[in-house]
Amino acid sequence: MSIVLTYLSVFGFGGLFCSLAQILIIKTKLTPARILVLFLILGIVLEGLGVYKYIFAIAKSGVSIPIIGFGAALARGSIEMARQVGFLGAFAGGLIRTAYGVGAAIVASYLITLIFSPKSK
């Protein structure tokens, strides 16, 4: 039963963030790209303030998989490397922390283009 509640929680929080983005698209003149950047910065700010870990404890993958989680991972990596290496570590830390996910996305995108052969409009 615990697993079912976890799935419901993740689905609910992920849906909440998607709904928020959809409301921003409908009610404002923000483009999807600007909303994406807004959510990315929200993740960075939440991690910088130390609030993200508490939200993650409740929402789990519902907050870590969307772009908010990517922003938090960038910030977390930058903060950790800045503490270890110094000022220059802040520039490399986010990239090091997120490199695996970005690399996996690039490979998956390439494989999908081989399978489906997309055409531009």
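A: Gladly! Keep in mind that this is a predicted model. Let us begin with the surface: Leu-36, Val-37, Ile-41, Ile-44, Val-45, Leu-49 and Val-51 together make a nonpolar patch of about 580 Å².

Q: Where is Val-45 found, and how does its accessibility count?

A: Val-45 belongs to helix α2. Its relative accessibility is 41%, so Val-45 counts as partly exposed.

Q: Now to the charges. How many salt bridges are there?

A: The general idea is that side chains of opposite charge can pair when their charged atoms come close. In this model the count is 2 salt bridges.

Q: Which residue forms a salt bridge with Arg-76?

A: That partner is Glu-47, with 3.4 Å between the closest N and O atoms. The pair joins distant parts of the chain, 29 residues apart: Arg-76 sits in helix α5 (residues 67-85) and Glu-47 in helix α2 (residues 32-49).

Q: Is Glu-47 buried or exposed?

A: Glu-47 counts as buried, because its relative accessibility of 15% falls under the 20% cut-off. Arg-76, at 22%, counts as partly exposed.

Q: And what does Arg-97 pair with?

A: Arg-97 forms a salt bridge with Glu-80, where the closest N and O atoms are 3.3 Å apart. Arg-97 lies in helix α6 (residues 89-116) and Glu-80 in helix α5, so this pair ties together parts 17 residues apart in sequence.

Q: What are the accessibilities of Arg-97 and Glu-80?

A: Arg-97 is partly exposed at 39% relative accessibility, and Glu-80 is partly exposed too, with a relative accessible area of 35%.

Notes:
Residues numbered from 1 in each chain as written. Predicted model: local features only at pLDDT ≥ 70, side-chain atom pairs only at ≥ 80, totals over all residues. Heavy atoms only, no water. Salt bridge = Lys/Arg side-chain N within 4 Å of Asp/Glu carboxyl O. Helix = DSSP H or I, 4+ residues; strand = E, 2+ residues; numbered from the N terminus. Buried < 20%, exposed > 50% of the residue type's maximum accessible area, 1.4 Å probe, protein only. Patch = residues over 30% accessible without salt bridge, like charges linked within 9 Å, V, L, I, M, F, W, Y side chains within 5 Å. Areas by Shrake-Rupley, 256 points an atom, 1.4 Å probe, with all protein chains shown as cover.
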